[in-house]
Amino acid sequence: MGRGLRACSRLAIGSGLIAWGAPGLLAAAGPDPADRVAALYPEDGRRELAGADYARYPGAGVLYCRAEGIPRKAAAAWLIGSRRLVVMNAHNFRSRHLEPTRDIADCFFQIGGRNYAFRPATLHFGTVPGALSLHITDDWALVELAEAAEGVRPQPIPAAPDLPTGTGTVPVVMVSPGGHANYPGQTSLEPCAIRQIDPPSEDAIRRVRHDCNNGYGGSGSGLFDTHGRLVALHSASLSMNSRRVFDIEYHYGSALMFEGALLDAIRARVAPEDIGPPVP
């Protein structure tokens, strides 16, 4: 990716970290509570997930972290490829300048109505050694559960997207198992669209600009194509809660595609025996 696009990604992740860096402390980190009920765009088509949605998106889970000993919902997270591997955003644990903001030992993963602890030693970030800042395209983290999740199916390992780089409308569904602070439901799903796919970064991962509504706490939401295939992981948005018309340069959401180094890392972590038996 060129320097201009890298700089743009840096600004986007910075705004996302200001909004989502302290889940459960939104009164301190975000805008006035009265302003948090607004969506990003004039039209808001979000609804809560239903039973059929969980069957279509089986890996949907939620990251919880403790603040002063109290568990609080932090972000969306996904069980992918095996019943042990969880994928989420790196910015749940690192600042824009890669400073530690939270210990994963203080967090747990919830899926299928059960809570699971992590194996902290298995935490892996998308940033390369020696990196000085976090960008949209390396805003990913993998970590294993201390024990395999029971009674659930993981999301299938995504296939590398065959979507071309450039501007164009690609219908998707944003699935947010952790919901958003500016939406009254505990979960959220909305048909929306990818509007542009930027050139790849050094890790062969592309950023997508989308028009999906989201809010504080919506980090890690999944973008799925019309066939139910996971194609991108939401990272950050500009001008939160502004209810402005989508703008490809100044008002959009950013997500990273499941490809390149991210997809390689997922495949390397998943062994056939980890997938587990089918769930009836």
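Biologist: Is the link of Cys 65 and Cys 107 right-handed or left-handed?
Modeller: That link is right-handed, with 105° about the S-S bond. Keep in mind that this is a predicted model, where local features need pLDDT of at least 70, side-chain atom pairs count only at pLDDT 80 or more, and totals for chains, interfaces and linings use all residues. Residues are numbered from 1 along each chain as its sequence is written, and side-chain values use heavy atoms, with hydrogens and water left out.

Biologist: Okay, and where do Cys 65 and Cys 107 sit in the chain?
Modeller: Cys 65 is in strand S1 (residues 60-67) and Cys 107 is in strand S4 (residues 107-111). They are 42 residues apart, so the pair links distant parts of the chain. Strands here are DSSP runs of E, at least two residues long, numbered from the N terminus.

Biologist: Is Cys 65 buried or exposed?
Modeller: Buried, with a relative accessible area of 4%. Buried means under 20%, exposed means over 50%, and partly exposed is in between, using a 1.4 Å probe and protein chains only. Cys 107 counts as buried too, at 4%.

Biologist: Switching topic, how many disulfides does the structure hold?
Modeller: Two. A disulfide is a pair of cysteine sulfur atoms within 2.5 Å. One joins Cys 65 to Cys 107, and another joins Cys 192 to Cys 212, S to S 2.1 Å.

Biologist: Where are Cys 192 and Cys 212?
Modeller: Cys 192 is in strand S9 (residues 188-197), and Cys 212 is in the loop between strand S10 (207-210) and strand S11 (222-224).

Methods
Helix = DSSP H or I, 4+ residues; strand = E, 2+ residues; numbered from the N terminus.
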